[in-house]
Each structure stands twice: as C-alpha cells, then as structure tokens.
Amino acid sequence: MRDQIFSQENDLVNFTFDAKVANVFDDMVRRSVPGYQSMIEMIGLCVKSHGQDNTNYYDLGASTGATSMALGINDTHNNTKIIAVDNSLSMTEKCEKTLNNKVNNAQVICADIEILDIKNASIVVLNLTLQFIAPENRQALINKIYQGLNKGGALIVSEKIHFNDQQKQQQMTELHLDFKRANGYSELEIAAKRQSIENVLITDDKNTHFKRFEQAGFNTSTCHFQCLNFASFLAVK
C-alpha cells in the first residue's frame, strides 16, 4: 500500500508503529530512506562472511521482515535459526506473512528487545532500530548483544545519523528532503512526518556509534555503507 498517512492536515501525535504504519511501512521506508535496498543487501553479504553453523541470527526491530528475509535468503550455514523480534503486534503479523513459506528456519516474536535474552548468536541486526531506543539505554543494549554473540560474530547497525559540522548537516538534510520529494512526498507530508517523529527518532553521530562498540568490547567496527545521512556499521567480536 502507498504511504499517505501524512497527506492530510490532522492533529499530530508522536509517531508510532501501529497498524496504519505497518500497512504502508514497506512503501514508507523505500521512499524515505536513501539506500534502503542496499542496506538490506549488505546485511545478506554479512551473513555469508560472519554467520556460523549451529547459531542464532537475531533481527531486532524486524518490522515487516525485509531484514529477516535477507538473512534467510543469503544463509549458507547449517542448523541456524532466525529470530525476528518487534514490539509491535501489527509489525510481527506482517513479518510472519512476509516470511511464511519462504524462510523455514524463522521464529517471529512480539517482545521488547531491551529485555530479550540474546544467546548463541553469530549475527545480530539492528536495522533502523537503535534510533528509536532511548539514548541513555543504547549502550546497555549494545553491551547485551556483545555478551550474547559468539566469537567472530557480527552486529550490524543501520541508522539515520547526524553531523556535527553544521554546513555538512544542512547539505545532507537538503539532499534527504530532495530524495523524499523525488519519491512523491508533498511538502505537507514531509513537514508533518518530521514534526511527528522528531521526539521519537533521536540520531547519533558516527563517533558515538564507534565509541559504543568499543566500550562494549568489539574487536573491530567500521562504517561499511552510507547513503546521505543514513549509515550501516559492522562490529565484529
């Protein structure tokens, strides 16, 4: 379905991943996030190089299941299990439909990722998820993921980022707005969504992400993909 949630003037409330958003999410993210398809494809490549036999792959904040699908399609390892987790029932229902009869080693769970146990993992993905976690809770989540990863396992984090250089920040913001306009969003829709999401989606800069990975104990971390103000990070234990 086409995303028209913000096409009319309404009393705005904070953005939530309810049934209305779940129904149009795939269209929304494709038209709002530069490089989204490449993000998903890169996750698939990471599975080939960092996945391990007899381990779990976690998709935390699975939404409608695109990341879990990439994990399943690209998995070349034996006896693995994909655990797709989201705290929105509407999203998990859509995720189950996406994966049904296509990925046979997946389990979809409606749960809070901040209290979820992570164990025997070789791949953990936070794809556009960490930015919706309270900033003061993000280090604890990364620490928990690190503890649940096997040696050689990988954490992939994709996020909207900000820049401390104001000129660069303005340039990236304008390009992102142009990207949305080119994908058919009106000025009303762009302004309304920004107002709705500004208190919900809180960005970090690149250095903050790297410092979190280092503090958690990861051996290496790198930004392996970036398109405008969206970046993907790969941290290996």
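**Largest pocket and helix packing in the predicted model**

Among the elements lining the largest pocket, helix α6 makes the greatest contribution, giving five residues to the lining. The structure described here is a predicted model, and the largest pocket within it holds about 1000 Å³ of space. Its lining comprises 45 residues, and those lying nearest the centre of the pocket are Phe 17, Gln 131, Phe 132, Ile 197 and Leu 201. Two or more lining residues are given by each of α1 (19-32), α3 (66-74), α6 (166-182) and α7 (187-197). When the residues of the lining are sorted by class, 21 are nonpolar, 15 are polar and nine are charged.

Helix α1, which is one of the elements giving two or more residues to the pocket lining, also packs against helix α4 (residues 89-99), the two axes lying 8 Å apart at an angle of about 35 degrees. The crossing in which α1 passes α4 is right-handed. On the α1 side the contact is formed by Ala 19, Val 21, Ala 22, Asn 23 and Phe 25, and on the α4 side by Ser 90, Met 91 and Lys 94. Of the residues in this contact of α1 with α4, five are nonpolar, two are polar and one is charged.

Helix α3, likewise listed among the elements that line the pocket, is paired with helix α2 (residues 36-50), and the axes of α2 and α3 come within 8 Å while crossing at roughly 40 degrees. The passage of α2 across α3 is again a crossing of right-handed sense. Tyr 36, Ile 40, Ile 43, Gly 44, Val 47 and Lys 48 of α2 meet Ala 66, Thr 67, Ala 70, Leu 71 and Asn 74 of α3 in this contact, whose residues divide into seven nonpolar, three polar and one charged.

A further helix pair is formed by α5 (residues 135-148) and α8 (residues 206-216), whose axes come within 9 Å and cross at roughly 45 degrees. Because angles from 65 to 115 degrees count as roughly perpendicular and those under 35 degrees as roughly parallel, α5 and α8 are therefore oblique to each other. The crossing of α5 past α8 is right-handed.

Note on methods: Residues are numbered from 1 along each chain as its sequence is written. This is a predicted model: local features need pLDDT of at least 70, side-chain atom pairs count only at pLDDT 80 or more; totals for chains, interfaces and linings use all residues. Side-chain values use heavy atoms; hydrogens and water are left out. Axes are lines fitted to C-alpha atoms, for helices over the stretch in contact, and angles run from 0 to 180 degrees between N-to-C directions. Helices (H or I, at least four residues) and strands (E, at least two) are DSSP runs, numbered from the N terminus. Angles under 35 degrees count as roughly parallel, over 145 as roughly antiparallel, 65 to 115 as roughly perpendicular and the rest as oblique. A crossing is left-handed if the near helix is turned anticlockwise from the far one by less than a right angle, and right-handed if clockwise. On a 1 Å grid over the protein atoms alone, a cavity is a set of points where a 1.4 Å probe fits but cannot get out, and a pocket is an open set with protein on both sides within 12 Å along at least five of seven lines; lining residues have an atom within 4 Å of a point. Grid points are joined across faces, edges and corners, and a volume is the space filled by probe spheres set on the points. Ala, Val, Leu, Ile, Met, Phe, Trp, Tyr, Cys and Pro count as nonpolar, Asp, Glu, Lys and Arg as charged, and the others, Gly among them, as polar. Contact means heavy atoms within 4.5 Å.
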